[in-house]
Amino acid sequence: VLSYLYVCPTNKRKIMLLSDPEIESSVLISSDEGASYQKFRLNFFILSLLFHPRHEDWILAYSHDQKLYSSLDFGRKWQLVHDHVTPNRFYWSVIGLDKESDLVHMEARTADGRAQYVTC
């Protein structure tokens, strides 16, 4: 059972399907417009994805437990970026403003509940 379909904005041949988190946590990845898929299991549940504006394989994933993950290989492997991230308050570097294209900007909560701006 699938819950979401995402198409890479910079390469329409790349598609990512998310499984229903009530059944399992996995992604199905296609590089040929959906003709074939590879399945990769996850140890977290994805709520939303954000593709990099220039690098087609770079993706940010926001999880149900307010953690932000990144993938540099179109979802095959994921790395934790930060926890306690505010929903919908994260984005990739801004072209023309940031010198490095791999920067991630986010709002995260501190232990005492305050919001802080974080770049990594």
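Modeller: Let us begin with a definition of accessibility: a residue counts as buried under 20% relative accessible area, as exposed over 50%, and as partly exposed in between. Please keep in mind throughout that this is a predicted model.

Colleague: By that definition, is E33 buried or exposed?

Modeller: E33 has a relative accessibility of 52%, and because this value is over 50%, E33 counts as exposed. Its place is in the loop between β3 (26-30) and β4 (38-41).

Colleague: Is F74 buried or exposed?

Modeller: F74 is buried, with a relative accessible area of 0%. Along the chain F74 and P9 are 65 residues apart, and their C-alpha atoms are separated by 12 Å.

Colleague: Let us turn to aromatic rings. How is a pair of them described?

Modeller: A pair of aromatic rings is described by two quantities, the distance of the centres and the angle of the planes. The structure holds 7 aromatic pairs. One of them joins Y4 and Y6, with 6.4 Å centre to centre and 40° between the planes, and this pair is tilted.

Colleague: How accessible are Y4 and Y6?

Modeller: Y4 is partly exposed, with a relative accessible area of 47%, whereas Y6 is buried at 17%.

Colleague: With which other ring does Y6 pair, and why is that pair called tilted?

Modeller: Y6 pairs with F51; the ring centres are 6.3 Å apart and the planes stand at 55°. Planes under 30 degrees apart count as stacked and over 60 as edge-to-face, so an angle of 55° makes the pair tilted. The pair links distant parts of the chain, since Y6 lies in strand β1 (residues 2-7) and F51 in strand β5 (residues 46-51), 45 residues apart. F51 is buried, with a relative accessible area of 13%.

Colleague: Which residues form one aromatic cluster?

Modeller: The cluster is formed by Y4, Y6, F51 and F74. At the ring of F74 there is also a charge: the charged end of K14 sits over that ring, 5.4 Å from its centre.

Colleague: How does one find empty space in a model?

Modeller: Rolling a probe the size of a water molecule over the atoms shows where empty space is left. A search of the whole structure finds 1 cavity of 30 Å³ or more. The largest cavity has a volume of about 60 Å³.

Colleague: Which residues line the largest cavity?

Modeller: The lining consists of S3, L18, S19, P21, E24, S25, S26, L42, F45 and I46. By class, 5 of the lining residues are nonpolar, 4 are polar and 1 is charged.

Colleague: How much space lies in the largest pocket?

Modeller: The largest pocket holds about 230 Å³ of space. It is lined by 13 residues, of which S70, S71, L72, Q79 and V81 are the closest to its centre.

Colleague: Which strands each supply at least two residues of that lining?

Modeller: They are β7 (68-71) and β8 (79-82). The largest share, 3 residues, comes from β8. The lining of the largest pocket divides into 7 nonpolar, 3 polar and 3 charged residues.

Colleague: Finally, I would ask about the sulfur-containing residues. How many disulfides are counted?

Modeller: A disulfide requires a pair of cysteine sulfur atoms within 2.5 Å, and by this rule the count comes to 0. As to accessibility, C8 counts as buried at 0%, while C120 is partly exposed, with a relative accessible area of 39%.

Colleague: Where is M16 found, and is it buried or exposed?

Modeller: M16 is found in strand β2 (residues 15-19) and counts as buried, with 0% relative accessibility. M16 and M106 lie 90 residues apart in sequence, and their C-alpha atoms are 23 Å apart in space.

How values were computed
Residues are numbered from 1 along each chain as its sequence is written. This is a predicted model: local features need pLDDT of at least 70, side-chain atom pairs count only at pLDDT 80 or more; totals for chains, interfaces and linings use all residues. Side-chain values use heavy atoms; hydrogens and water are left out. Rings of Phe, Tyr and Trp (its six-membered ring) pair if their centres lie within 6.5 Å; planes under 30 degrees apart count as stacked, over 60 as edge-to-face and the rest as tilted. Buried means under 20% relative accessible area, exposed over 50%, partly exposed in between (1.4 Å probe, protein chains only). Helices (H or I, at least four residues) and strands (E, at least two) are DSSP runs, numbered from the N terminus. A charge sits over a ring if NZ of Lys or CZ of Arg is within 6 Å of the ring centre and within 35 degrees of the ring normal. On a 1 Å grid over the protein atoms alone, a cavity is a set of points where a 1.4 Å probe fits but cannot get out, and a pocket is an open set with protein on both sides within 12 Å along at least five of seven lines; lining residues have an atom within 4 Å of a point. Grid points are joined across faces, edges and corners, and a volume is the space filled by probe spheres set on the points. Ala, Val, Leu, Ile, Met, Phe, Trp, Tyr, Cys and Pro count as nonpolar, Asp, Glu, Lys and Arg as charged, and the others, Gly among them, as polar.
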